[in-house]
Amino acid sequence: MRTVSSEIAGLEQEVAELRERLANAEETVRALTSGEVDAVATDAGLSPVLLRGAQERLRENERLLRAVFDGALDAMVLADDRGFYVQANTAACELWGLSRERLLGRNISEFAEPGFDFEKAWSSFRSDGRMEGQFVLVRPDGEKRDLDFRAVANVMPGLHLSVLRDVTEQKRAAEVRSRLAAIVESSGDAIMGLTLDGVITSWNLGAERLYGWPPTAAIGREIGLIIPTELREGEASVRRRILHGEVVAPYDTKRVRKDGSLVEVNITVSPIRDTSGRVIGFSKSARDLSERRRAAAQLEEVETQLRQAQKMEAIGALAGGIAHDFNNMLSVIMSYTSLILDELKPADPIRADVEEVARAGRRATDLTRQLLAFSRKQMLQPQVLDLSQVVLGMEKMLRRLLSEEVELSLVARRSLGKVLADPGQVEQVVMNLAVNATDAMPAGGKLSIEVANVELDAEYARVHHGVVPGPYVMIAVTDTGVGMDAATRERIFEPFFTTKEVGRGTGLGLATVFGIVKQSDGHVWVYSEPGRGTTFKVYFPRVEQAVTTFSMAPPEPATLRGSETILLVEDEEQVRVAARTILERHGYHVLEAHNGGEALLICEQFMAKIHLLLTDVVMPRMSGRQVAERLMPMRPDMKILYVSGYTESSIVHHGVLDAGIAFLQKPITPNALLRKVREVLDG
Amino acid sequence: MKAAQAAPRNGALRLQLYVAGESPNSIAAIRHLRALLSGYPGVKVELELVDVLKHPERAMREGVLVTPTMVKLSPAPRRRVVGNLKDPEVLVSVLGLSDAHRE
């Protein structure tokens with residue numbers, strides 16, 4: 001029974017399972033017949049068979065993907081395991097510049113730049129499964145394109161997708177932008193960007209320099225940051241006008257710096273537009289006008305100096321010419337007064353009158369010498385000097401000269417640079433400046449004289465007419481006197497220009513300073529304001545030579561008389577006669593010639609020895625030097641003494657006598673002439 | 001039926017849904033199943049989607065012959081529903097859901 005009942009139970013379970021499977025089968029059939037099924041598995045293998053609806057749906061999906069693939073703006077390519085292209089979209093064909101047929105089957109490595117390690121990149125891509133970055137595509141036509149790419153491996157088994165974007169134009173645009181930005185940044189002008197509301201959006205280095213605010217502090221702030229309060233409304237209206245299409249010409253205005261100080265600027269405002277032409281902001285560039293004003297003022301100053309220099313040149317030429325004629329006349333006056341005085345007995349009633357003439361002659365000689373100094377036609381005996389030594393050596397003399405109310409301060413370090421100048425003339429310069437300073441301090445004050453090495457650089461030379469940049473030694477003479485205004489400063493070096501009361505000054509002191517300094521290739525500048533004292537700065541070019549020792553004055557000859565024969569060549573009749581008279585009265589035998597031709601003739605005809613040729617230098621037709629050169633072959637033993645009132649000549653260059661030449665400066669005075677003649681004959 | 005009703009309360013309802021890619025009935029089945037389950041927030045469901053186009057071997061193993069087919073793995077008994085699951089009553093009955101699961 002038990003087995004029967006268990007059999008029945010087994011059968012019942014079998015029936016239940018069969019029912020279940022039947023129900024399942026019915027359910028499947030129902031689903032199939034009602035069209036609720038997409039796919040049916042087959043026993044043929046692992047791929048299910050898709051029913052019609054599902055197939056269509058898949059085809060639709062494929063069409064969709066195809067459209068997306070081909071319609072994409074980015075280039076897309078599918079490559080196989082070895083990197084050969086098996087699919088490419090339209091954008092890819094355009095990027096490569098190839099038809100699809102020609103692109104497919106090519107390898108990625110064919111389009112890389114030389115040096116690109118394809119093997120390494122490809123294996124790294126395959127192992128990572130993806131890769132992105134930049135790539136330079138070399139097209140078959142040789143053109144290079146910059147690409148951003150992203151690659152995904154095995155989008156389908158054995159197929160690898162690359163999406164590539166051409167960023168060449170973007171990159172170029174970025175380069176242009178960065179170049180422009182660099183230009184803006186390096187501009188000397190302050191350049192900034194503003195929003196329509198006047199908020200600062202960019203701020204270059206020039207802006208930081210001009211206004212003092214760094215970009216971090218300025219960007220994001222209102223432009224009012226740098227505009228004085230009272231000008232803000234005006235600036236806002238400029239922006240409104242530009243917004244309404246008006247072109248606003250550059251204008252001058254003021255800005256305020258971080259430190260609160262004002263700066264004058266010239267502003268250019270332009271609209272910034274977007275690609276559609278809409279104004280989206282403003283660019284403002286500001287140029288510092290103080291710089292331009294300073295440059296203009298400097299230019300004007302240099303022009304003034306140039307005009308001044310030209311004027312001084314002209315006056316100098318005039319003064320030099322006058323001095324030359326004066327010297328000849330003074331030679332006559334001084335010679336004859338001297339001769340007359342020799343003849344007169346000590347008690348002669350006329351003696352005092354003649355002495356008065358002689359005194360006037362000496363004063364005129366002095367004036368003429370100063371005129372020559374001013375016109376830079378003075379005889380110089382330049383030596384290598386230590387200026388501090390010269391100035392310190394004058395201290396005693398200066399203290400004697402100054403009134404008790406004037407305090408003297410000498411600042412001169414020893415062993416300064418050396419200069420090439422005539423020590424006597426340098427002393428003259430310092431003395432004249434000291435006298436001038438003292439006169440400017442009638443109630444007393446302080447006189448400082450400083451000697452120092454200075455370097456005058458190109459910048460200094462640019463604003464000081466005639467200055468050659470280089471090392472100089474400066475003598476600065478400063479007083480605490482009344483000072484002077486610009487009009488006076490401009491004329492201070494002119495001869496006979498004086499601010500002193502009539503009779504107190506000759507008006508030649510500073511003119512002499514000017515001439516001496518210029519003749520020594522130096523410079524002199526004056527700095528002064530009324531009531532603020534005056535500083536004269538004298539610059540002499542530094543030289544690299546050892547100091548020459550002061551030459552001793554020649555010993556005084558024992559006698560002024562002689563019996564030698566002298567050939568006297570002088571075109572000025574009166575001067576010649578005066579000289580002859582002086583010489584003859586002192587025992588000499590004089591042969592007279594009034595030009596070179598006569599001198600030659602005499603030399604040929606005169607049989608005895610001629611001991612000395614005494615010749616004027618500047619003569620018409622044949623100069624004194626030429627005369628000497630013609631006579632020397634005939635009379636090699638004859639000594640030569642040149643006389644001239646004019647230094648610029650065939651034997652003197654810039655006031656410096658050629659070596660080994662004896663020279664006598666006009667005007668001739670009997671004493672000087674006789675001494676010099678004796679000196680040359682005995683030498 | 002008692003055990004079936006009690007099961008969802010104790011453990012998760014584990015389901016597999018066999019589909020063929022994005023075929024229309026497969027998509028519909030997913031939509032219908034999700035819509036129904038959203039009405040029973042109290043039920044914890046683990047649903048696995050099996051694409052037979054990608055994994056045909058899994059369909060063979062499970063004996064799934066057609067798609068879409070939903071298989072209830074647990075709680076026991078194992079049940080399956082073929083078709084696009086458009087009949088919520090059948091689903092409620094097969095999954096053993098009750099009003100108690102609606103909160």
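**View 1. α10 of chain A is the top contributor to the lining of the second largest pocket, giving eight residues.** This is a predicted model, and the pocket here comes out at about 1100 Å³ in volume. Its lining counts 41 residues, and those closest to the centre are A:F514, A:K518, A:H523, A:V524 and A:W525.

**View 2. Over in chain B, four strands make an open sheet with mixed pairing.** Reading across, the order goes β2-β1-β4-β5. The edges belong to β2 (45-51) and β5 (79-82) of chain B; each has a single partner strand, so one side of each has no neighbour in the sheet. On average, neighbouring strands of the sheet are turned by 20° against each other, ignoring direction.

**View 3. Zooming in on the sheet, β1 (residues 13-19) and β2 of chain B run parallel, with seven bridges joining them.** Look for B:Y18, whose bridge partner in β2(B) is B:V50.

**View 4. Two helices of chain B pack on the sheet.** Helix α2 (residues 24-38) touches β1, β2 and β4 (69-74) of chain B, and its direction makes about 160° with that of β1(B). Helix α4 (residues 88-95) touches β1, β4 and β5 of chain B, with its direction at about 20° to that of β4(B).

Definitions and conventions. Residues numbered from 1 in each chain as written. Chains lettered and ligands numbered in written order. Predicted model: local features only at pLDDT ≥ 70, side-chain atom pairs only at ≥ 80, totals over all residues. Heavy atoms only, no water. Pairing = 2+ DSSP bridges. Axes fitted to C-alpha atoms, helices over the stretch in contact; angles between N-to-C directions. Contact = heavy atoms within 4.5 Å. 1 Å grid on protein atoms, 1.4 Å probe; cavity = no way out; pocket = protein on both sides within 12 Å on 5 of 7 lines; lining within 4 Å. Points joined across faces, edges and corners; volume = space filled by probe spheres on them.
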